[in-house]
Amino acid sequence: MEIIFFVLSALLLSGAAFVAISLLSKSFLENAIIIIISFLCYVSVSSFILGAVGLKTTPIIITLLNFLLATLIIIIFRKKISYHSLSSLKVDLKTIYIVFLSLGITVVQFLRIYGSDFSIKFITTDPAVHYLFSKHFSEGGKLLLFSNPFTPYNHMSSYPFLNYSNTGLIMALSNSEEGKVAVYLLSNFFYYFLTILLVYVIYRNLVKSNSLVISTIVILAVSLGYNLNGVIFGFSSQMAGVVMVLSLVVLKNNFIKSRIKTLLISLVMVGLFFAYYYYIPAAILSIFLSDFLKGEHSNIKQRIKGAFNFENVIPTCMAILFGFFYLIVLNPINDNGNVDSLASEGYIFRELYTDFKPYILFVLVALFAWYKDKKNNILYSAFISYSLFALFILVMGMVGKASSYYYFKNYYLLESFLIILFGVGLYLAKQKYKPIYFAYIAGSLILLIMTLYGDKWIQSRNELFNANPSINITAVQKFNIEIIPNTQVTFDKNQRQFMDYIVHNKSEFVDKQNHIPVIGGLLQKLWFYSYTEIWPKYDQYSLLSLYEEPSLDYKMWTEDVEKKPYIIVFEPDSNIWFENQGVDLKDFEVVYEQEGAKLLKLKE
């Protein structure tokens, strides 16, 4: 019943809001996307405010808020809405094709990575943390900012929470751990899907007619590059940040100027701060730069004055105000997220500029056309702002003040901008320089055929004719293609059932300190803790200890008379431990096992 009321209230609120913003934009798709993104921001803001006053965020509370807000919207806008405003919303067959193409690609990629059994499969440690935070929110209704019981992650109390508050809220509707895992995995592709649609919406707004060929190329490009790479790495919060920035472009450029528009921009700006505040500085610069560049006055002072308008100042002030309370006033650990953290390195895909070479020609065509026509669009100011921000981080990196990790974080957003501009440039070439357009399409088809079939056929006949076939795709696309089938599944359904058994019999197998030795790889130990909330080390309770080997000092453990005689081993990494520690499996009896996982008891 709780699920039914939650869904009904969300649909009612979304429907009322959709009708209200139909006064501002005539595109059904972009209105629907903005409503979805606004709902994400609304949940995160509600969670923040409720937590600040000591209340929990639960599906019941959000359901009540949904009904109240929906009623308020209906009362305010009941006289302003007409049948004409709704019937004039545009939905064409080409847009429907794009939506289904994007959805199809999303489903295919989901199955390629996680499979139909929803296997946990990532290459970084980040997703285990995101899952733990989401699950904690689902069970307690509190942001880590206000309640952080995880000692190893005490330094992350102020971690961006838009992603885990929304994911956790949906998780709260499920009573099973399997359901929570499914929600988390689906949430990653939810942002992936939204990013594809947002890129299309922004591109479509910049061209006069919808070319199915160019639109398809744009969709494929954004589906296979850094957007997919973000899913593979499990950068959920960053993906949410990309979605927020792209939605700002849509709002600022496509919606009619009004108080509702200012409210929506303010909501998304605050949402961006809560999603991924690393992207905030350039976002603020971009909205002011947009109005500065479109100013009709030649006088610089007049242009600056025009940029500091109500529509820009209010959202900026709201973002800074909420950010101030979030990171300074309510932050229990003020060293998280400071400037020094920009120097921290991490695992990320790194390729300085070759990934952008396929786009650069038509990107320049779009930029030159924009400069010549003087047509204002926030996309161009956003592209300039985030390029300058990336350049700033690069310079900081050259003097040791910033890491390559945070520099390359910018590429996950910049690639979306480049693909949009590439699509615009290709469209302009088709309109004005048809031979160049058809030459590009023909050349691309030839290279695609050679990559998929020709190179392999020639090499199979005589390897000397094509000893090292070139891959006619970008480096990040090549990385994505190769890494997905070669990434080890951390936990499949069988191993999750194994962990469920441990949790259900926790009092028997786990010591008083909530520890049980887990022998396995780093990702297995991290995900074991996130899934069970049982610490997988015997003698240390720090995050750093999980990175250290051996997983268990067998001699020390056996000499401890107060220990519980149980250990957990996960294949294949546990085999190395048995060999290095000189442990004989015959010293243990198998208490419980699933494929790839065993609970062992030391024989007396």
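Q: What makes two strands count as paired?
A: Two strands pair if DSSP finds at least two bridges between them. Strands themselves are DSSP runs (E, at least two residues), as helices are (H or I, at least four residues), both numbered from the N terminus. The structure discussed here is a predicted model, in which local features need pLDDT of at least 70 and side-chain atom pairs count only at pLDDT 80 or more, while totals for chains, interfaces and linings use all residues. Residues are numbered from 1 along each chain as its sequence is written, and side-chain values use heavy atoms, with hydrogens and water left out.

Q: What is the order of the four strands in the open sheet?
A: The order is 1-2-4-3, and the pairing is mixed. Strand 1 (518-519) and strand 3 (588-594) are the edge strands, since each pairs on one side only.

Q: How do you know that strand 2 and strand 4 pair?
A: Five bridges join strand 2 (residues 566-570) to strand 4 (residues 597-602); the definition asks for at least two, and therefore the strands pair. They run antiparallel. Within this pairing, Val569 has Lys598 of strand 4 as its bridge partner.

Q: Which helix packs on the sheet, and which strands does it touch?
A: Helix 22 (residues 493-504) packs there, touching strand 2, strand 3 and strand 4. A contact requires heavy atoms within 4.5 Å. The direction of helix 22 makes about 120° with that of strand 3; axes are lines fitted to C-alpha atoms, for helices over the stretch in contact, and angles run from 0 to 180 degrees between N-to-C directions.

Q: Why is the pair Lys135 and Glu177 called a salt bridge?
A: A salt bridge needs a side-chain nitrogen of Lys or Arg within 4 Å of a carboxyl oxygen of Asp or Glu. The closest N and O atoms of Lys135 and Glu177 are 3.4 Å apart, so the pair qualifies. Lys135 belongs to helix 6 (residues 126-140) and Glu177 to helix 8 (residues 177-206), 42 residues apart, and the pair thus links distant parts of the chain. The whole structure holds ten salt bridges.

Q: Why are Asp291 and Lys252 called buried?
A: Buried means under 20% relative accessible area, exposed over 50%, and partly exposed in between (1.4 Å probe, protein chains only). Asp291 has 7% and Lys252 has 9%, so both count as buried.

Q: Why are Glu559 and Lys555 called exposed?
A: Glu559 has a relative accessibility of 52% and Lys555 one of 56%; both values are over 50%, so both residues are exposed. They form a salt bridge with closest N and O atoms 2.8 Å apart, and both lie in helix 26 (residues 554-559), four residues apart.

Q: Why is Ala343 called partly exposed?
A: Its relative accessibility is 37%, which lies between 20% and 50%, so Ala343 counts as partly exposed. Ala343 lies in the loop between helix 15 (310-329) and helix 16 (357-373), and touches Lys401, Ala402 and Ser403, not counting residues up to four places away in sequence.
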